[in-house]
Amino acid sequence: KNQVEQSPQSLIILEGKNCTLQCNYTVSPFSNLRWYKQDTGRGPVSLTIMTFSENTKSNGRYTATLDADTKQSSLHITASQLSDSASYICVVSRNNAGNMLTFGGGTRLMVKP
Amino acid sequence: NAGVTQTPKFQVLKTGQSMTLQCAQDMNHNSMYWYRQDPGMGLRLIYYSASEGTTDKGEVPNGYNVSRLNKREFSLRLESAAPSQTSVYFCASSGPGGHQPQHFGDGTRLSIL
């Protein structure tokens with residue numbers, strides 16, 4: 001079954017600290033892996049998209065890694081800010097399935113001052 | 001630049017009532033999608049449209065119908081609303097190719113009593 005599992009479900013950190021969110025997937029055949037940020041009451045916004053050949057990709061203070069052999073990805077947030085408080089969603093696209101996506105349940109991050 | 005616009009933002013219905021959720025995008029995208037997001041679960045695809053004039057079922061299509069009115073607009077209709085359809089509904093669009101991000105609207109929060 002095509003699944004995307006994220007951990008932890010929720011996380012509280014202090015402003016300025018770093019954190020890492022995890023994503024494991026069983027989606028096959030793999031096309032790409034995406035990380036989205038979803039603020040409360042808003043739609044998800046794309047942070048990164050990584051294909052099979054990409055091990056790491058950065059977007060400002062966000063750095064995503066991908067290990068396609070172990071089917072794991074992580075999202076590292078550096079020097080967190082209050083505005084980083086949001087849900088972070090890992091999404092995997094299947095090859096030969098158009099642009100069909102399998103969504104993880106998300107990690108809810110709260111950054112406290 | 002509006003991106004993806006959804007209307008209405010909130011709606012309360014009684015069981016058995018019908019309604020149409022509207023979605024429009026101004027990015028000239030061919031592909032459009034309707035998802036639902038329920039607490040603790042990942043977004044699930046209801047219907048999608050790969051191009052104007054075509055629509056296909058997603059993971060959870062029962063109880064819904066869609067219309068791709070033109071390239072810009074993709075509507076979702078609930079013919080006879082049920083409490084199980086209480087959810088947040090997101091519309092998204094994407095450009096060509098399998099590695100393009102999906103751009104989401106800010107959702108319609110629908111409660112069915």
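Predicted model: local features only at pLDDT ≥ 70, side-chain atom pairs only at ≥ 80, totals over all residues.
Student: Which strands of chain A supply the side that touches chain B?

Tutor: β4 (30-38), β5 (45-51), β9 (86-94) and β10 (101-103) of chain A each supply at least two residues. β4(A) gives the most, with 5 residues.

Student: What makes up that side of chain A, by residue class?

Tutor: It divides into 7 nonpolar, 11 polar and 2 charged residues.

Student: Why is the pair Arg42(A) and Asp106(B) called a salt bridge?

Tutor: Set the value against the cut-off. The closest N and O atoms are 2.9 Å apart. The limit is within 4 Å, so the pair qualifies.

Student: How many residues take part in the contact, and what area is buried?

Tutor: Chain A brings 20 residues and chain B brings 20 residues. The buried area is about 1500 Å², and carbon and sulfur atoms give 54% of it.

Student: How do you know that β7(B) and β8(B) pair?

Tutor: Count the bridges. There are 5 between β7(B) and β8 (residues 74-78) of chain B, in the antiparallel sense. Pairing needs at least two bridges, so these strands pair. Val66(B) stands opposite Leu76(B) in β8(B).

Student: What makes β1 and β7 of chain B edge strands?

Tutor: The open sheet runs β1-β3-β8-β7 in chain B, with antiparallel pairing. β1 (4-7) and β7 (64-68) each pair on one side only. The twist averages 20° from one strand to the next.

How values were computed:
Residues numbered from 1 in each chain as written. Chains lettered and ligands numbered in written order. Heavy atoms only, no water. Helix = DSSP H or I, 4+ residues; strand = E, 2+ residues; numbered from the N terminus. Axes fitted to C-alpha atoms, helices over the stretch in contact; angles between N-to-C directions. Contact = heavy atoms within 4.5 Å. Buried area = accessible area lost by both parts, 1.4 Å probe. Salt bridge = Lys/Arg side-chain N within 4 Å of Asp/Glu carboxyl O. Nonpolar A, V, L, I, M, F, W, Y, C, P; charged D, E, K, R; others polar.
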